[in-house]
Amino acid sequence: MTAIDATTDRPAPKKPKISQFRRLLWHVNRTDLGWVVKAALTSLQLPARAKRVELLKQLPAKPEWAEASCKLDRDGYVDVSALVDRSLAEAVASFADGKVNRLNELVGRQKEGHKSFWVSLLDEDLVNGAFATDHPFVRNALQPAALRIIGDFMHDLPQLSDVVLTLSQPTPNQALSYSQLWHLDHDDKRVCKLFIYLTDVRDTADGPFTFIPAGPSKAFRNTLKSHMSDAQVFAKTGPDAVKEMIAPRLSCFIVNTARCLHMGSRIQSDHSRLLYTATYIQQPRIYPEPPARFRAVGALTDLERTVMRL
């Protein structure tokens with residue numbers, strides 16, 4: 001019998017099946033053995049990597065971007081609020097506000113419902129699972145500042161993997177789950193996420209993105225545990241290492257979420273948090289490449305096509 005979601009009278013979403021091969025890669029990638037796999041894959045695509053490096057060099061270079069890249073490499077995170085294009089962030093915020101104004105309608109259309117504490121608001125913008133390349137969320141992710149800062153850290157032109165808009169809301173009387181617990185991202189060995197707060201995050205009640213910088217996070221580098229409680233984390237590193245991103249609307253920051261243990265969306269009553277996320281990895285991807293996430297609309301440069309694998 002097909003399960004029915006009582007709130008929408010629609011079939012409840014099915015959990016995607018994970019192949020044994022992908023599951024094996026997932027476990028390998030959680031350890032330092034993943035670097036061996038990454039190096040082997042890269043060695044098979046040296047001409048493609050050389051092209052990406054040349055494209056990266058074509059991007060503008062600024063001393064403040066280079067400094068930000070060094071901090072990202074050293075600490076695993078960097079605040080880029082003063083470095084990114086403010087007008088692109090404002091376009092993202094304006095677009096997001098329009099989605100929030102239709103919240104009840106969009107909740108009923110949501111395709112993935114396994115995280116009860118947040119709502120993904122961009123499902124309707126996808127055509128066959130892909131965003132148009134002129135979408136404001138995509139244009140923001142393609143800006144030179146983000147690509148250069150992340151690219152210099154990776155020593156390679158990054159691949160844009162996804163863009164997401166999420167509204168985090170309180171879930172009283174429910175245990176913490178999924179990304180509300182401490183974890184590392186294992187999409188690849190290097191995973192950088194560009195975040196933009198689209199609402200003010202004034203204090204802990206707003207569910208700030210919370211993380212442990214790269215240094216103290218080394219204690220969790222080879223752990224096979226997927227998600228960990230506060231007690232499990234603080235048994236290895238003290239709470240003094242924790243950083244909360246308390247910041248106003250339109251604040252932007254980049255975090256290497258494969259290296260910095262993190263969690264978030266612990267929203268308290270009468271609070272919410274609206275967040276833009278763009279995810280970048282270093283090619284070639286360790287896992288089998290998923291279906292295309294972007295579809296070409298209008299003229300694109302060779303660099304943009306390479307970033308989006310078009």
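Select Phe253 first: at 1% relative accessibility this residue counts as buried (under 20% relative accessible area, with exposed over 50% and partly exposed in between; 1.4 Å probe, protein chains only). The model is predicted, with local features needing pLDDT of at least 70 and side-chain atom pairs counted only at pLDDT 80 or more, while totals for chains, interfaces and linings use all residues. Residues are numbered from 1 along each chain as its sequence is written, and side-chain values use heavy atoms, without hydrogens and water.

Rings of Phe, Tyr and Trp (its six-membered ring) pair if their centres lie within 6.5 Å; planes under 30 degrees apart are stacked, over 60 edge-to-face, the rest tilted. The model has 10 aromatic pairs by this rule. Phe209 and Phe253 make a tilted one, 5.9 Å centre to centre with 50° between the planes. Phe209 is in the loop between strand 7 and strand 8 (210–211) and Phe253 in strand 10 (residues 252–256), so the pair ties together parts 44 residues apart in sequence. Helices (H or I, at least four residues) and strands (E, at least two) are DSSP runs numbered from the N terminus.

Finish at Phe153, where Arg190 lies over the face at 5.9 Å from the ring centre.

Terms used. A charge sits over a ring if NZ of Lys or CZ of Arg is within 6 Å of the ring centre and within 35 degrees of the ring normal.
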